[in-house]
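I opened my notebook to look up a few things in this model. Here is what I went through, entry by entry.

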Amino acid sequence: MPFYDAGNRLRFQLELEFVQCLANPNYLNFLAQRGYFKDKAFVNYLKYLLYWKEPEYAKYLKYPQCLHMLELLQYEHFRKELVNAQCAKFIDEQQILHWQHYSRKRMRLQQALAEQQQQNNTSGK
């Protein structure tokens, strides 16, 4: 892991947890409604967190879509739109559609691979 002492370990864990929270559009709406995205220091912190895109850090993420949200949060227009609950709802719906499509596509690919392996096994005998 990319830390060497207890302080760095705690910082790593806190930043990991926070970055992953950015995958939740309702949380982004919460932050926007409370004015966090208007705070220059907070916006600078979001810029600092871009290091999570590096493979040595990204491998620890369970919710990789948070990196896309982190990237979008670099844009003022996106941060302003998040105040609107409808915007958060739209993002949430788009994530669900993406996951459904990805799951179906992945299942089809796994099925095709299994069928191909079965054909290879039967033709090889």
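In which helix is Glu15 found? I located Glu15 in helix α1; helices here are DSSP runs of H or I with at least four residues, while strands are E runs of at least two, all numbered from the N terminus.

A note on ground rules: this is a predicted model, where local features need pLDDT of at least 70, side-chain atom pairs count only at pLDDT 80 or more, and totals for chains, interfaces and linings use all residues. Residues are numbered from 1 along each chain as its sequence is written, and side-chain values use heavy atoms, with hydrogens and water left out.

**Entry: Glu15.** Is Glu15 buried or exposed? I found Glu15 buried, because its relative accessible area is 6% (buried is under 20%, exposed over 50%, partly exposed in between, with a 1.4 Å probe and protein chains only). I then listed what Glu15 touches beyond four places in sequence: Tyr45, Tyr48, Leu49, Tyr51 and Trp52 (contact means heavy atoms within 4.5 Å).

**Entry: the rest of α1.** I checked residues 6-21, the 16 residues of α1. Besides Glu15, the buried residues of α1 are Phe12, Leu16, Phe18, Val19 and Gln20. Their cover includes α2 (25-33), α3 (40-48), α4 (55-58) and α5 (65-72).

**Entry: α1 against α3.** I looked up how these two helices pack and got an angle of about 100°, with the axes 12 Å apart (axes are lines fitted to C-alpha atoms, for helices over the stretch in contact, and angles run from 0 to 180 degrees between N-to-C directions). So α1 is roughly perpendicular to α3, a label for angles of 65 to 115 degrees; under 35 is roughly parallel, over 145 roughly antiparallel and the rest oblique. From α1, Arg11, Glu15 and Phe18 meet Phe42, Tyr45, Leu46 and Tyr48 of α3.

**Entry: the core.** The largest nonpolar core has 26 residues, and Phe37, Leu46, Leu49, Trp52, Leu73 and Leu82 touch the most other members (such a core is a set of buried Ala, Val, Leu, Ile, Met, Phe, Trp, Tyr and Cys residues joined through side-chain atoms within 4.5 Å). I noted that α1, α2, α3, α5 and α7 (85-123) each supply at least two residues of this core. Apart from neighbours within four places in sequence, Leu82 is in contact with Leu28, Asn29, Ala32, Phe37, Leu73, Cys87 and Ile91.

**Entry: Arg104.** Last, I looked at Arg104, which sits in helix α7. Arg104 is partly exposed, with a relative accessible area of 49%.

Note on methods: The expected span of a helix is 1.5 Å times one less than its number of residues.
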